[in-house]
Amino acid sequence: MGLLAVGTPLEWPEAKKIAGHVREWGIEQLLAIWRNNKGKERDALLWGDEVEYLVVCYNDEQEKVRLSLRQADILAALASSEKLLAQGGGVPDVQRGTVKENSVTAPVFHPEFGRFMLEATPGKPWGIGFKDLLDVEPNMKWRRSIAKDHMASTEYPITLTTFPRLGTPDCTQPSYPVSGPKLRSQFVPDEIANPHIRFPTLAANIRARRGRKVEINVPVFRDVNTPWPFKDPTVNYDLYQWPEDGDVRNGAAKENHIYMDAMAFGMGSCCLQITFQAKNIEEGRKMYDQLSPLGPILLALTAATPIYKGFLADTDVRWNQISRAVDDRTAEELGERPLKNDRWVLPKSRYASNSTYISQDIRLRPEYLDPTLVIDPAIKQRLIDGGMDDLLATHFAHLFVRDPIVVFAEDLQELDLNKADHFENLQSTNWQHMRFKPPPVGSDIGWRVEFRPMEIQITDFENAAFSVFIVLVTRAILSFDLNFYIPIQRVSENMETAHIRDAVNTEKFYFRKNPFSHRSARGTGGTATPTTTSRPPTPVGNVEDEYEAMSINDIINGQQACEDGFPGLIPLVENYLNSMNVDVETRCELARYLDLIRKRADGTYWTAAKWMRHFVMGHEKYKGDSVVDEEVQYELVKVVEGITRNEGRDGVGREMLGRKK
């Protein structure tokens with residue numbers, strides 16, 4: 001979550017009138033950033049992680065657990081902590097957006113959309129050294145410990161993607177009536193959102209632009225006693241407080257689905273995100289492209305979202321639910337009505353998988369691009385006239401087909417090319433699974449790439465393992481000049497596949513067969529050894545022959561049964577580590593993380609989604625009807641808390657979270 005601007009937000013009818021104006025100014029700010037930074041070079045790659053927590057509150061006498069809405073109080077306590085301030089941590093300086101660096105820099109805590117959420121980042125970026133990779137896990141543990149120390153005795157920060165019974169009565173502490181004027185939800189109160197004016201305005205203007213409430217329908221898991229056809233019993237069809245209450249009477253709640261109606265059901269989800277600073281724009285563009293096909297794979301590997309609104313879902317991940325929770329498309333943009341007032345039909349929500357590649361890589365074939373990509377041609381031409389190349393201009397012209405949702409009146413006085421507020425207004429509300437981030441104005445920070453698809457994991461060990469793994473994959477990509485290009489439409493298809501229950505074990509994903517410029521030889525033990533070439537060859541042949549449907553085990557561990565099969569991401573990473581002469585102690589520590597990824601991919605270890613589903617279905621109070629009641633939720637969250645509290649003591653946590661079959 002970036003810095004939160006303060007001002008007078010415009011309601012949607014007024015914001016709509018100046019949307020084109022904001023886009024134009026945003027593009028001028030982007031061009032200024034481009035001109036000032038396109039030649040920027042950084043000496044070393046830096047990176048950082050973002051971990052998000054749900055803050056839960058227990059009533060052990062009643063055996064209930066609720067979401068605590070004390071985010072502001074907790075952040076205030078962190079901000080005033082003398083110990084944290086002495087170590088340069090706490091909360092970011094609101095004016096400068098910085099924290100003081102120190103030899104021991106404490107983590108930084110940030111607000112999120114949900115008033116029950118916290119985001120924590122390291123106090124300063126991680127470096128390129130391998131020793132830095134070993135500091136990630138203890139730092140994550142430290143963050144959780146600091147957060148807990150500034151909470152009430154009954155509160156605890158857990159890393160579940162969603163709260164299992166969010167949207168059921170009495171799920172927050174304190175409790176508020178539902179159906180407020182901003183969200184107009186029949187399940188959650190307005191007070192569930194961060195009170196900063198940006199968040200309720202974002203929710204209200206998405207609803208107003210759309211012309212109805214957001215519509216989130218998640219397939220329900222059909223168990224032996226699940227009523228079928230399933231009609232969500234929590235939906236009130238007789239509510240008439242707001243005009244949008246008629247949505248459910250007009251078919252918004254789908255049969256055999258769990259129905260939700262507010263932004264909180266998506267943006268109230270937690271995730272694990274990694275941001276890389278590249279040494280220059282060319283390297284950043286390459287990382288953006290090559291990491292894009294990996295997004296669905298890591299989404300499925302980290303699956304952790306099997307429960308919504310007190311029901312078991314027939315999906316395992318959060319992505320599409322967040323997509324629908326912020327989907328501001330009108331009926332015309334959805335293709336439900338002929339275009340009359342809007343400019344084009346938009347095939348995706350503004351929270352979606354990537355639709356572009358941006359690297360000026362000779363291996364990027366035109367066939368990999370989306371021929372149906374929607375762009376604003378006038379914006380693309382302005383970017384090209386300003387000196388930007390066609391690929392990058394296309395990328396931003398695609399992002400800028402959207403309207404700005406939150407506009408502050410104070411920002412409309414004059415165009416300031418020493419700021420990026422109008423550009424970020426559009427950039428930061430295009431939530432794709434990769435984000436290409438220009439340098440902040442007036443900063444030494446370089447071009448960055450954000451890897452966004454991963455679900456938060458229950459333990460700090462797991463979150464560290466996936467963070468370290470994706471960092472090592474980027475190192476291997478750049479060191480070996482790996483090529484993971486497949487048609488971008490196939491990446492989108494893979495994102496859909498990742499939602500399928502237990503996709504990591506049961507489904508296949510499109511992936512490139514040969515990641516090298518030339519066919520590699522295999523070293524001993526099946527290790528992939530890339531052939532060094534001075535220049536990648538010009539791609540030839542049928543694009544469909546370059547990739548095939550593979551299991552995640554094949555993608556992560558390699559197609560060992562096939563001599564010319566895909567070598568596997570872990571063998572590629574291990575080959576990279578071999579080339580770097582990493583010391584034995586560090587290598588052994590890194591091997592623990594790679595072992596988790598390896599065994600998650602081959603099915604030895606379960607995903608959090610599979611483990612939680614198994615916990616619920618094995619509970620003595622579960623009735624086989626897909627319902628996760630308060631008692632089951634209480635015991636599930638208690639077990640999750642116990643795992644994180646005991647992690648690392650005699651192997652408890654790491655081994656349990658292996659979730660062996």
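**Close-up views of a predicted model**

**View 1. Contact between helices α11 and α12.** Ile 379, Lys 380, Leu 383 and Ile 384 of α11 meet Asp 390, Ala 393, Thr 394, Phe 396 and Ala 397 of α12. By class, the residues of this contact are six nonpolar, one polar and two charged. The model shown here and in the other views is predicted. Helix α11 spans residues 377-385 and helix α12 residues 390-399; their axes lie 9 Å apart, at an angle of about 145 degrees. The crossing of α11 past α12 is right-handed.

View 2. Ser 359 is placed between β12 (351-352) and α11. With a relative accessible area of 5%, Ser 359 is buried, because the cut-off for buried is under 20%. Beyond its neighbours within four places in sequence, Ser 359 is in contact with Arg 285, Lys 286, Asp 289, Leu 364, Leu 391 and Tyr 485.

**View 3. The nonpolar cores.** The largest nonpolar core comprises 181 residues, and Phe 276, Leu 298, Leu 301, Phe 469 and Ile 556 are those with the most contacts inside it. Helix α14 (residues 460-480) supplies the largest share of this core, 13 residues.

View 4. Leu 569, Ile 570 and Pro 571 are among the buried residues of α18.

**View 5. Helix α18, residues 569-579.** The rest of the structure largely encloses α18, because eight of its eleven residues are buried. The buried residues are Leu 569, Ile 570, Pro 571, Leu 572, Val 573, Asn 575, Tyr 576 and Leu 577. After α18 comes Asn 581, with a positive phi near 55 degrees.

**View 6. Thr 604 between α19 and α20.** Thr 604 is located in the loop that links α19 (584-601) to α20 (608-617). Its relative accessible area of 30% makes Thr 604 partly exposed. The side chains of Thr 604 and Asp 602 are joined by a polar contact of 2.7 Å. Between the C-alpha atoms of Thr 604 and Tyr 576 the distance is 25 Å, with 28 residues separating the two in sequence.

**View 7. Helix α20 and its cover.** Seven of the ten residues of α20 are buried, and the helix is mostly covered. Those buried are Ala 608, Ala 609, Trp 611, Met 612, Arg 613, Phe 615 and Val 616. Elements covering these residues include β10 (307-308), β11 (311-312) and α21 (630-646).

**View 8. Asp 502 between α15 and α16.** Asp 502 sits in the loop from α15 (488-497) to α16 (503-506). At a relative accessible area of 15%, Asp 502 is buried. A polar contact of 2.9 Å links the side chains of Asp 502 and Asn 505. With neighbours within four places in sequence left aside, Asp 502 is in contact with Asp 316 and Lys 610. The C-alpha atoms of Asp 502 and Gly 603 are 9.8 Å apart, although 101 residues separate them along the chain.

**View 9. Backbone exceptions.** Most residues other than glycine have a negative phi, and most peptide bonds are trans. Asp 170, not a glycine, has a positive phi of about 60 degrees. Asp 170 belongs to the loop between β5 (155-158) and β6, and is partly exposed at 31% relative accessibility. Arg 184 also has a positive phi, about 55 degrees, without being a glycine. The loop between β6 and α6 holds Arg 184, which is buried at 17% relative accessibility.

**View 10. Two cis peptide bonds.** The bond joining Gln 173 and Pro 174 is cis, with omega about 0 degrees. Pro 174 is in the loop between β6 (172-173) and α6 (198-210). Trp 228 and Pro 229 are likewise joined by a cis peptide bond, with omega about 5 degrees. Pro 229 is in the loop between β7 (216-219) and β8 (257-260).

Technical notes: Residues numbered from 1 in each chain as written. Predicted model: local features only at pLDDT ≥ 70, side-chain atom pairs only at ≥ 80, totals over all residues. Heavy atoms only, no water. Core = buried A, V, L, I, M, F, W, Y, C linked by side-chain atoms within 4.5 Å. Buried < 20%, exposed > 50% of the residue type's maximum accessible area, 1.4 Å probe, protein only. Helix = DSSP H or I, 4+ residues; strand = E, 2+ residues; numbered from the N terminus. Polar contact = N/O pair within 3.5 Å; in protein donor to acceptor, adjacent residues only side chain to side chain. Axes fitted to C-alpha atoms, helices over the stretch in contact; angles between N-to-C directions. Left-handed = near helix turned anticlockwise from the far one by under 90°. Contact = heavy atoms within 4.5 Å. Nonpolar A, V, L, I, M, F, W, Y, C, P; charged D, E, K, R; others polar.
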